[in-house]
Amino acid sequence: MDRRTLLKLSGLSLVGATAGCLEGEEETPTATTTEESGGGGGGGDDETTTTASEESGGDESSYTIGMVDSLTGSLAPYGERNTRGRELALAAINEVGIGSEGASLNISVEDDESTNQGGVNGAQVLVNQDGVPLLIGSVGSGVSIAIHDSVTRDAGVVQISQNSTSPELTTRPELLRMSPSGSAKGQALASLVNDDGHDTVAVTWINNDYGTGLSEVFAETFESEFDGTVAYNEPHDQGQSSYSGVLTEMASTDASAWIFLTYANEYTVMVNEGFDQGYNTSVDYYGAESTVADSIIENTPEGSMDGMTGITESAPQDQENYQNFVAAFEENYDGTPTVWSAYAYDAVTVAAIAIEAADEFTGEALASVVRDVTRPEGEEVFNFEEAAAVLRDGGSPGDINYQGVSGPVDLDENGDPPGYYQIYSVEDHEYVFGDYITS
């Protein structure tokens, strides 16, 4: 990885570091709806839970917000990571309590089944039936956009995506997110491929907003900035049992590098079919964050993607609150967290700070403060307890600058945070992480 430390990216800079192993994946949750009040789960009392229809007066015993997550389907490995981050955030928040009476925070969770329609269905339950004024969701960019366009926008509900990275979210300023836009990531990936000496590439991307946005940025950057050739640039559908036709078309080009902008399940199928055909020995594989998952390693043969390289979101490893997050994670789970768990943790924490800061528990009131508590003009706080202390000492939302465990949140006018990225490769059938890149 040393040869990549001189990687030069327009608008990006290297800050150097290494990362630990991926968090292990356990059984994927199958419940479609859960309600949690702390690290171990458990629902709140319906009679004392405050929802969107009740104003916050500071003496409620609990507040309920919603979360749409991918508990089943192609994105389930990422939904599992979110579950762990959510549980840790709830435990830390509820140890302090919200407001003067120390109210607890509950999260009602719906499964989007890794599909747009599943996300809309889950969001409708949370907004229309449960009356939540704030909804966290979702993993897939297309799912988050569908929820915003069909449910939260017209309902006046604050929406914070925990994991969506498509540049398309930037066009919807009311749709906030904890993970950065894929624009810088697409540029970084194009530069990385060029830096490795490739001038002709083949790209296949999953046919949704995530794949469309990232592939467009990659192709435009590779062709316009590096004078490269994208010999193949076609989508593939989600959830297919075979992608041999796509691989055959990619192999018919003279591309020396294949770019996979897809999800874990789909990439696993492609890797196995590429290994059977011997493609992995004739071209170099590249990918992004969704081709990093323990399930891929577990369900592909050794040697099937050694040498694969890519760009993934990351967290600042040397930041103290991230180290505290890692310690809590390792104490509660068998593994080390990835940044995706950290994004979910931050989404819940920002929501809780907004509830603490708002005059009432309504979508309008929460929307008026949720950006302010992340902005760099305020005093840096590194957890919910520190944020609550500033507010309870007479501080305003603008007096707080929450520094997330995933890095600075600093939500801009488009609802986007800055981003940390990291170069990774596959060596001896394991992920190895190298240098940081920050936007």
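Among contacts in the chain between residues at least 6 apart in sequence, 74% join residues at least 24 apart; contact means heavy atoms within 4.5 Å. This is a predicted model, in which local features need pLDDT of at least 70, side-chain atom pairs count only at pLDDT 80 or more, and totals for chains, interfaces and linings use all residues. Residues are numbered from 1 along each chain as its sequence is written, and side-chain values use heavy atoms, with hydrogens and water left out.

**Whole chain**

Start with the cartoon view. The chain has 12 helices and 18 strands. Helices (H or I, at least four residues) and strands (E, at least two) are DSSP runs, numbered from the N terminus. Now color by burial. Of the 439 residues in the chain, 59% are buried. Buried means under 20% relative accessible area, exposed over 50%, and partly exposed in between (1.4 Å probe, protein chains only).

**Stop 1**

Select Ser 114. This residue sits in the loop between strand S5 (104-111) and helix H2 (116-129). Check its phi: about 65°, a positive value, although Ser 114 is not a glycine. Most residues other than glycine have a negative phi, and most peptide bonds are trans. Is Ser 114 buried or exposed? At 4% relative accessibility, it counts as buried.

**Stop 2: a cis peptide bond**

Move on to Gly 137 and Ser 138. The peptide bond that joins them is cis, with omega about 5°. Ser 138 belongs to the loop between strand S6 (134-136) and helix H3 (141-155).

**Stop 3: H4 against H5**

Two packed helices are described by the angle between their axes and the distance between the axes. Select helix H4 (residues 182-195) and helix H5 (residues 209-224). They pack at an angle of about 45°, with their axes 8 Å apart. That makes H4 oblique to H5. Angles under 35 degrees count as roughly parallel, over 145 as roughly antiparallel, 65 to 115 as roughly perpendicular and the rest as oblique. Axes are lines fitted to C-alpha atoms, for helices over the stretch in contact, and angles run from 0 to 180 degrees between N-to-C directions.

Show side chains next. On the H4 side, the residues that meet H5 include Leu 189, Ala 190 and Val 193. Their H5 counterparts include Leu 214, Val 217 and Phe 218. The residues of this H4 contact with H5 divide into 8 nonpolar, 6 polar and 1 charged. Ala, Val, Leu, Ile, Met, Phe, Trp, Tyr, Cys and Pro count as nonpolar, Asp, Glu, Lys and Arg as charged, and the others, Gly among them, as polar.

**Stop 4: Glu 364**

Select Glu 364, in helix H11 (residues 363-367). Glu 364 is exposed, with a relative accessible area of 67%. Glu 364 and Val 158 are 206 residues apart in sequence, yet 7.9 Å apart in space, C-alpha to C-alpha.

**Stop 5: a sheet and its helix**

Which order do the strands of the open sheet follow? The 3 strands run S14-S15-S16, with mixed pairing. Two strands pair if DSSP finds at least two bridges between them. The edge strands, S14 (379-381) and S16 (407-408), each pair on one side only. Strand S15 (residues 400-404) is antiparallel to S16, and 2 bridges join them. Find Gln 403: it stands opposite Pro 408 in S16. H12 lies across S14 and S15, at about 140° to S14.

**Last stop: Asp 410**

Select Asp 410, in the loop between S16 and strand S17 (420-427). Its phi is near 40°, a positive value in a residue other than glycine. Asp 410 is buried, with a relative accessible area of 18%.
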